[in-house]
Amino acid sequence: MSLPKPDELLVGVNLHKTPSKTWMDIKAELRKGMYCGIVDPKTLEELDLNTMGSWQPSDEKWPLPENWKEIVKEEIRKRLEKHRSFKLFMDICVRCGACADKCHYFLGTGDPKNMPVLRAELIRSIIKGEFSTFGKLFGRLAGARKLTEDVIKEWFYYFYQCSECRRCSVFCPYGIDTAEITIMMREILLQLGIGTDWALKPVHNSYYIGNHVGVPPQSFKENLEFLVWEFEDITGIHIDLDKYLNRKGAEILYVPMSGDYFADPGIYTMLGILVLFHYLDLDVTMSVWAAEGGNFGYFNSLEMAKRLHSKIYEEAKRLKVKWILAGECGHMWRVWNQYHNTWFGPFDYLEVPKSPITGTVFEQAKENKIVHICEFTADLIAHNKLRLDPSRNDHLIVTFHDSCNPARAAGLFEEPRFILKHVCNNFVEMPENTIREKTFCCGSGAGLNAGENMELRMRGGFPRANAVEYVHKKYGVNQVIMICAIDRAVFPTLLQYWVPGVDTGGLHELVANALIFEGEKSRTEDLRRRPLKHPVKGREEPTEESTEEEG
Amino acid sequence: MNALISFIIFGILVAIPWFGVGVLGLQSLFGIVIPYICFLVFMIGLIYRIVYWAKSPVSYKIPTTCGQHKNLASPWFKHNRLENPFTTFDVILRMFLEVVFFRSLFRNLRADLYGKRLIYGSAKWLWLGAILFHWSFFIILLRHVRLFTNPVPGIIEKLDYLDSFIQSLGVPPIYITDILILAGLTFLLLRRFIDSKVSYLSYGSDFFPLFLLIGIGVTGVLMRYYFKVDLYAVKQLTLGLATLHPTIPEGAKIGTIFYIHLFLVSSLAAYFPFSKLVHMVGVFFSVTRNMPNNNRYKRHINPWEYPIKHLSYYEFQERFKDKMIEAGIPIDEEAKPEEHKWYTMYGPNKNI
């Protein structure tokens, strides 16, 4: 399989042309480059999940268990009974088509089954055909069909072409949320033993080692050491790591994302956060066990999501912290913001979060006691607690990518922009219909950021990249800022493909690069050693001439 | 094909009362029995549907947020209460705009791909068509109250007057909503044929209600402006229905067209609870719209939440102890193994 060139990828895509056959007559053809392989049985067993043995989606006959039909029907019924969301969404769609061209996978593939409405019909039609008298009576006329093995293949193919970004749900007049449907459908597939290697290996790692990438505690520390050495080399400021690791009695527990201590460019975000902590001399620590704020469990089942994140609160208890601070991550913040309190509350062993620097009480987290780092930093800046020199980021022309879930499952729009405007001078927005609640997914979210499905990723990420290209050409944007670890991991590939010449980075990397430390040395490079536009003059001896004024 | 079959079914529905009343003279069946049965089906069906939805709990608080959240710590970030409700009152406002003005639909965009560029344009036609149809339908329903009440409430008479302020020569005043509803419905129907995507995803069951509604509208209009039914007799019948003393007015010439109209309305009512038309009630249940985004502030309780299996810090530390000591990471000597009862919905250990 080779990925076509950017100029060729979209040649066959026509958003206004549909196949001559009705979609029910089109069998899903599993194309290489569009899906991920199946996980090995051992991983499934160790996660207490069913397995179908060793097999791959490309196999002609899938080794479904003998009673697969009963299992699927029972699992559907169970989810209809447990989730009003799912039950309702199966009933009230009028197929108005408002969602049709809102999905980035549809825009990048032109495949009608990637229209959110048809993605949902893939299951809706089965519910009608298997459970409803009306559906059985009128069949296709009422949009009903029977459950077959081909349907299972189709489900696997298309529910792993949804990144649970919720963009369709913004436009739906009834708020039907395909993310919710995809969650249910992946759960049902998982019960059969169908789960992808890419989405489940990280779960296994997180469950047994503490983080998705399987970095053991000593390597976690080594990676951080490397970062602070680099920082010391660049700025002359020494950060003592010990207080940040597994320390009992700290006021705050910070939960990082493994993507941020594993690979470039996420590591600079991690560094940025450590630098901020050091600057503030914050009484904060990280657990080497709950060292994963992200949650790949969520991409497999809600139960698995809960199984992975319970350690955050176990660790908060063990380390006797007062409240918890969350890093920059997308689906993570959805899980924290919308599920944690229901799963793990009430939290009498924690206290209502209060910034030790400004005294601000984060009343919105009164019960759950978790604060997003953007809320925390915005409050610091608003209280003038950070000495920032935004001109230190003058070598960058940045735009901000709203990550799907901080946008559509939280509403975290202004805080990151407020921070950005204080730490850099050149910030431009992408076109209006591609930002904020209408933001486009990176194309690789929800466990789809593998290498084997690269074509899907490049297609799904096309609408996002296209908007970046627009500001790149118009304003010379050379850096996209985002508050999601998956974004930071996948944007470099995406932009390399569609818009070469634009870098990827996290918000707190820019914060750290703009921070003015007492005793810092002169430097000509930023935190990832790119040349600065205005070299920083060391502050060993305070001078009159000043560049630290805030924007 | 889907549309054709739906149209044929619709045609049959028109033919039944035409034959039943026009030829067989079964006025009582089509004027009394069927309307009552269908109305009952509508009521019971709708209640059944609501109970059916309500029986499933709201598992999680998962609103879709389309605006800035309420940051109580930094209140100068302007909270968008309509798009990201925090209180119940905010939710009511959001739902009001959603139900009355179709706010989400108003956001609609159209995406076009030109070579390697995506362009988004405004696309309010669907919103307009939907608003025209739904509002006209609602006003027409209200206008019909005059057929079921005696004396007619003043407000209904006023509405009637307002709706027909365009006076024309010779013919009865034309209702604006009659024109608008047919315009709206025609648009919604044409869209299903012309827009390739919508056409592709339309079932017969998407065309059928449109045919029914257009049929109802057209027969209604015909009755008023063309076939001129005996209104006095019609009111006798409808008032009888409403007061549970149904009679077919003797000797009156109500006209078959009326029975066709009534039969189509009855069909719509009976079909309603079992079709996508339940979106009318369903929208109020939509969990991505009817909940505040405040789960950190106020805990949502899921009635079936259960303790899960997870690894403990102790087990983790036991595994990595040596490495941690070597790396200088603090060891917790107090960490203890822990046991707790757990449940799972998955795999070989499935116990719920």
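In the predicted model, Ile252(A) has Val284(A) of β2(A) as its bridge partner. Strand β1 of chain A, residues 252–255, pairs with β2(A) over two bridges, in the parallel sense. Both strands belong to an open sheet of four strands in chain A, with the order β2-β1-β3-β4 and parallel pairing. The edges of this sheet are taken by β2 (284–285) and β4 (370–372) of chain A. Each has a single partner strand, so one side of each lacks a neighbour in the sheet.

Helix packing was examined in chain A for α4 (residues 84–91) and α10 (residues 178–192). Their axes lie 10 Å apart, at an angle of about 110°. Angles of 65 to 115 degrees count as roughly perpendicular, and α4(A) is therefore roughly perpendicular to α10(A). The crossing of α4(A) past α10(A) is left-handed.

Chain A gives 103 residues to the contact and chain B gives 93. On the chain B side, the elements that supply two or more residues include the strands β1 (109–114) and β2 (117–122) of chain B. Helices α1 (2–22), α10 (204–225) and α14 (313–327) of chain B are also among them. The largest share of this side, seven residues, comes from α14(B). The residues of chain B that touch chain A comprise 43 nonpolar, 30 polar and 20 charged.

Note on methods. Residues are numbered from 1 along each chain as its sequence is written. Chains are lettered from A and ligands numbered from 1 in the order in which they are written. This is a predicted model: local features need pLDDT of at least 70, side-chain atom pairs count only at pLDDT 80 or more; totals for chains, interfaces and linings use all residues. Two strands pair if DSSP finds at least two bridges between them. Two residues are in contact if their C-beta atoms, placed from the backbone, lie within 7 Å. Ala, Val, Leu, Ile, Met, Phe, Trp, Tyr, Cys and Pro count as nonpolar, Asp, Glu, Lys and Arg as charged, and the others, Gly among them, as polar. Axes are lines fitted to C-alpha atoms, for helices over the stretch in contact, and angles run from 0 to 180 degrees between N-to-C directions. Angles under 35 degrees count as roughly parallel, over 145 as roughly antiparallel, 65 to 115 as roughly perpendicular and the rest as oblique. A crossing is left-handed if the near helix is turned anticlockwise from the far one by less than a right angle, and right-handed if clockwise.
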